[in-house]
Amino acid sequence: MGLNPLGSQIGTDLTITDGDLTTNVAVQQHVLGARATTGDGRYFRYVKAGAVALVPGNLQQCAAETTAWEDLDFASAAIGDLSLTTVSTVTLTENQLAEGYAIVTTGTGAGYQYKIKSNPAVIGAVVKIQLYDAIQVATPSGGDIDLIPSPYSGVIINPSSATGMPVGVAVFPVTALYFGWIQTAGPATILSDGGSTVGTNVSASNGTPGAVEAEVTAQASVGVAMTGVTTAEYGLFMLNLS
């Protein structure tokens, strides 16, 4: 796809400007999850929006977990193979899992993780997943794999009942199914649910989609309030989603 490779290199961040944050394009330009900084303590990740346009100041979640892509039986694979083939049947659109991960969960090779390069479209059928990296441990049939999309593909507003993990905060109204940047660390403007006290931790809200609230242990931690914020208003928070 001619993607900028910098975001995939360990220890390398892209440098962008505030103007770059208004990127709103239909054609992918960077690796999903590529990290960038504006040089002032703010960090961002490159994402593909889900079926609804992103709303600035709203907390975003990865696409909802699809349990039908988990605990799948797969055929044997040899060291050096660049693909995995399921025995279990699945339904996928073309490249729906691209830049995601195949996780060997049981059997020989359990614990290994492989980045997914591509997948064909299938409806209730077995699927051959192409990988970026070669199989490291020969795996006989009988084990299980999970097929997990990139957390930065198809991001959605963080729901009041979590179906995935928070991945950042929208900074621009990226069009549905388009590509752009969301903020993951540093001073960020976020909607507050219930109000926030300066210097206290906040979690993803379980009452207002896209908002944060006073920290709740059972909910995902998001950051720290930099000022006091009134409920239903936007305020400044030190975001710590990296």
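Predicted model: local features only at pLDDT ≥ 70, side-chain atom pairs only at ≥ 80, totals over all residues.
Reader: How many aromatic pairs does the structure hold?

Author: Rings of Phe, Tyr and Trp (its six-membered ring) pair if their centres lie within 6.5 Å; planes under 30 degrees apart are stacked, over 60 edge-to-face, and the rest tilted. On that basis, the count of aromatic pairs in the structure is three.

Reader: Why is the pair of Tyr 46 and Phe 179 put in its class, and which class is that?

Author: The ring centres of Tyr 46 and Phe 179 are 6.1 Å apart. Their planes meet at 10 degrees, so the pair is stacked.

Reader: How many residues apart are those two partners, Tyr 46 and Phe 179?

Author: Strands here are DSSP runs of E with at least two residues, numbered from the N terminus (helices would be H or I runs of at least four). Tyr 46 sits in strand β3 (residues 43-49) and Phe 179 in strand β15. The pair therefore links distant parts of the chain, and the spacing is 133 residues.

Reader: And what relative accessible area does Tyr 46 have?

Author: Tyr 46 is buried. Its relative accessible area is 0%.

Reader: Tyr 112 and Tyr 114 pair up too; what is the angle between the planes?

Author: That aromatic pair is stacked as well, with 6.3 Å from centre to centre. Tyr 112 counts as partly exposed at 35% relative accessibility, while Tyr 114 is buried at 4%. As for the planes of Tyr 112 and Tyr 114, the angle between them is 15 degrees.

Reader: Which residue joins Tyr 46 and Phe 179 in a cluster?

Author: Ring pairs do the linking here. Next to Tyr 46 and Phe 179, the cluster contains Trp 181.

Reader: Which ring does the charged end of Lys 115 sit over?

Author: A charge sits over a ring if NZ of Lys or CZ of Arg is within 6 Å of the ring centre and within 35 degrees of the ring normal. The charged end of Lys 115 is 5.4 Å from the centre of the ring in question, which belongs to Tyr 132.

Reader: On to charges: which residue forms a salt bridge with Arg 35?

Author: A salt bridge is a side-chain nitrogen of Lys or Arg within 4 Å of a carboxyl oxygen of Asp or Glu, and a search of the whole structure finds three. For Arg 35, the closest N and O atoms are 3.0 Å apart, and the partner is Asp 13.

Reader: How far apart in sequence are the parts that this pair ties together?

Author: Arg 35 lies in strand β2 (residues 35-37), and Asp 13 lies in the segment before β1 (14-15). Arg 35 is partly exposed at 22% relative accessibility, and Asp 13 is partly exposed at 29%. The tied parts of the chain are separated in sequence by 22 residues.

Reader: Which residues are joined into one salt-bridge network?

Author: Asp 18 bridges to Arg 42 with the closest N and O atoms 2.8 Å apart, tying the loop between β1 and β2 to the loop between β2 and β3. Arg 42 counts as buried at 18% relative accessibility, and the side chain of Asp 40 meets that of Arg 42 in a salt bridge at 3.0 Å, N to O. Through shared partners, the network takes in Asp 18, Asp 40 and Arg 42.

Reader: Where is Thr 139 found, and which residues is it in contact with beyond its neighbours in sequence?

Author: Thr 139 is in the loop between β11 (128-131) and β12 (144-148), and counts as buried at 4% relative accessibility. Contact means heavy atoms within 4.5 Å. Leaving aside neighbours within four places in sequence, Thr 139 is in contact with Phe 74, Ala 75, Ser 76, Ala 77, Thr 108 and Gly 109.

Reader: Last one: what separation do the C-alpha atoms of Gly 199 and Met 226 have?

Author: Gly 199 is in the loop between β15 (179-192) and β16 (201-204), and Met 226 is in the loop between β18 (221-225) and β19 (234-240). Gly 199 counts as exposed at 57% relative accessibility, whereas Met 226 is partly exposed at 34%. They are 27 residues apart along the chain, and their C-alpha atoms are separated by 6.0 Å.

Definitions and conventions. Residues numbered from 1 in each chain as written. Heavy atoms only, no water. Buried < 20%, exposed > 50% of the residue type's maximum accessible area, 1.4 Å probe, protein only.
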